[in-house]
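Please look through the model below before reading my notes. The points follow in numbered order.

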Amino acid sequence: MADNTPKAIEELLKRLTAGEPLDEQQQKQMKDYKFWKTQPVPSLDEKIESEGPIDSSKTPDDIPDTPLPLISEFEWSTIDITANSELEELYQLLYEHYVEDKDSTFRFKYSHDFFKWALKPPGWKKVWHAGVRVKATGKLVAFISAVPVTLKLNKSGKLIPSVEINFLCIHKKLRAKRLAPVLIKEITRRVNKDDIWQALYTVGAVLPSPIATCRYTHRPLNWSKLYDVGFSHLPPKQTKASMVARYSLANVTKTEGLRLMREEDVDQVLELLNEYQKRFDIVQVFTKEEAAHWFLGGESAANGQSPVIKTYVVEQGGKITDFFSYYLLPFTVLNDVNHDELGIAYLYYYATDSYKKEESVYKKRLQQLIGDALVTAKQFNVDVFNCLTSQDNPYFIKDLKFGSGDGYLNYYLFNYKVWPLHGGIDPTTKEVEDYKTSGVGVVLL
């Protein structure tokens, strides 16, 4: 069997990204991606000669109307997240069986509000929330979702109607049943029936074939708590007091005119974002309704504020010059007597008109804005603030004391070839490249 340990996978990705030849074991590893070899995705060793769809021959009439067959014990179930009972089933499935760290210390703690925000943007479809149940009991044991997204390749100007695939989750006791390929093929069938043929998704593992690889970085806001639960460690020749002092933050923001975003800000925020995102190679194009949903929270918002997404704007003389956003997704802390939850924030979209100025001025402004994001996050009990090396994040990661994590996130496009994009890290060393922008302007949950 091919070596699929994290170290071997990382070495494979490193060689592919650097254009180095693969050894015999790695070549065999590539050939073992049996499922993905049947799908319209580039092979890991394929050189991209041109951008565009891989298979453009089909129409919705060519796609079967009936779901893919499942083994006899299971049946398909379209999950109605407008029904509280089914939303609770989804919550329980993902809480117990979705992403957990390798040491079983932390677990994502999704909320009903998070699902309402993540799974019900403008244009969402109930049929794109595909579940699998046990026939005998009705228990939900697997799930996969798609939501609509319009992508744009800025160098060519091509618009790609797509979906974002997310929340692929299978009950831990059923991981050997080969349900994942069936879930992927079934969500593909459902999306294809609506005449959409491309999809964007992210995975930590190396599959055929990443369009970009970014690295996770973490900025402690409450170092003592992170140390207590084992998230952070005490470096050599440092004391706990010195680490607390290193990561201390001001209690007030620095940027004049900073405030929470309101409904009447949507037009200006969207205009600012559209201009700013011309910096990147691949971006998401938002309608006004989509921008309002993603930056204000949609159904998750109550009294004008969402418990999930936090968006701040900078208004000067009636004009919005900057904005930033982040979403909140806590961890449950397992097996710790003193702490049961970690507050986690993830940097989302931001934009500033200062990119038009000298680079040093722009970088200083960006650093100040994200620094203010860290300060505001403290009031929402955030213990650590995460960001990837996407967008222009490498410009502030080191100065704002984000530390490089062990995790990498690979970006994939289904049924579409694009030239490889810069993910904000050196292809060989995987270290943050803080002197140039990344090519990835789209943010996935």
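1. Is Ile 344 buried or exposed? Ile 344 is buried, at a relative accessible area of 2%; buried stands for under 20% relative accessible area, exposed for over 50%, and partly exposed for what falls in between, with a 1.4 Å probe and protein chains only. Ile 344 belongs to strand β15, residues 344-352. Strands (E, at least two residues) and helices (H or I, at least four) are DSSP runs numbered from the N terminus.

2. On provenance: this is a predicted model, in which local features need pLDDT of at least 70 and side-chain atom pairs count only at pLDDT 80 or more, while totals for chains, interfaces and linings use all residues. Residues are numbered from 1 along each chain as its sequence is written, and side-chain values use heavy atoms, with hydrogens and water left out.

3. Contacts of Ile 344, meaning heavy atoms within 4.5 Å, include Tyr 327, Leu 328, Leu 329, Pro 330 and Phe 331, and also Val 382, Val 384 and Asn 386, with residues up to four places away in sequence not counted. The C-alpha atoms of Ile 344 and Phe 385 are 6.0 Å apart, although 41 residues separate the two in sequence.

4. Gln 391 has a positive phi of about 50° and sits in the loop between β16 (384-388) and β17 (403-414). Gln 391 is buried, with 1% relative accessible area. For Asn 415, phi is positive and near 60°; this residue lies in the loop between β17 and β18 (416-417). Asn 415 is buried as well, at 3% relative accessible area.

5. A cis peptide bond joins Pro 208 to Ser 209, with omega near -10°. Ser 209 is part of the loop between β7 (198-203) and β8 (212-220).

6. Taking a disulfide as a pair of cysteine sulfur atoms within 2.5 Å, the model has 0 disulfides. Cys 214 is in no disulfide, and the nearest cysteine sulfur, that of Cys 387, is 10 Å away. Cys 214 is buried, with a relative accessible area of 0%. Cys 169 is buried too, at 1%.

7. An unreviewed UniProt entry places the feature "domain: Glycylpeptide N-tetradecanoyltransferase C-terminal" at residues 228-443. UniProt positions are given in the numbering used here, feature names are shortened, and annotations may be inferred rather than shown by experiment. In the model, the span 228-443 is 22% helix and 27% strand, and its end C-alpha atoms lie 31 Å apart.
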